[in-house]
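I opened this model to look up a few side chains and the charged pairs among them. My entries follow in the order in which I checked them.

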Amino acid sequence: MFPDQKEDWLREVTDICTTTLDILNDKVETEGRISTADQVMTDLCMGYLYLLSEREEEHSKKVNFIDKNTTIH
């Protein structure tokens, strides 16, 4: 997978997770309960979003480290 395709795919999965969480949240508010399957999907989406944020934070640290220590002549 090429880097730009990878970023597009990550954004697409992020959008799907966010939409899924919105739908599941609405469902809980309407029904007043959450099924085991819905809880598993919620956990899966939240885990993905957490790992993606960790990846982005780590990438940001690497970029900032390089920027702070680069001398331009």
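Entry 1. Is Lys 27 buried, partly exposed or exposed, and what is its relative accessible area? I find Lys 27 partly exposed, with a relative accessible area of 33%; buried means under 20% relative accessible area, exposed over 50%, and partly exposed in between, with a 1.4 Å probe and protein chains only.

Before going further I note that this is a predicted model, in which local features need pLDDT of at least 70 and side-chain atom pairs count only at pLDDT 80 or more, while totals for chains, interfaces and linings use all residues. Residues are numbered from 1 along each chain as its sequence is written, and side-chain values use heavy atoms, with hydrogens and water left out.

Entry 2. I looked up the partner of Lys 27 and found a salt bridge with Asp 38, with 2.8 Å between the closest N and O atoms; the term stands for a side-chain nitrogen of Lys or Arg within 4 Å of a carboxyl oxygen of Asp or Glu. Lys 27 belongs to helix α1 and Asp 38 to helix α2, so this pair ties together parts that are eleven residues apart in sequence. Helices here are DSSP runs of H or I with at least four residues, numbered from the N terminus. Asp 38 itself is buried, at a relative accessible area of 13%.

Entry 3. Arg 55 and Glu 7 form one of them, at 2.7 Å from N to O. Arg 55 sits in helix α2 and Glu 7 in helix α1, so the pair ties together parts 48 residues apart in sequence. I noted Arg 55 as partly exposed at 33% relative accessibility, and Glu 7 as partly exposed at 30%.

Entry 4. Asp 8 and Arg 11 also meet in a salt bridge, at 2.5 Å from N to O, and both lie in helix α1, three residues apart, which is about one turn of the helix. Asp 8 is partly exposed at 43%, and Arg 11 is partly exposed at 48%.

Entry 5. Thr 14, in helix α1 (residues 3-31), is buried at 19% relative accessibility and, leaving out residues up to four places away in sequence, touches Tyr 48, Leu 49 and Leu 52. Thr 42, in helix α2 (residues 36-68), is buried at 16% and, with neighbours within four places in sequence set aside, is in contact with Leu 21, Leu 24 and Ile 34.

Note on methods
Helix = DSSP H or I, 4+ residues; strand = E, 2+ residues; numbered from the N terminus. Contact = heavy atoms within 4.5 Å.
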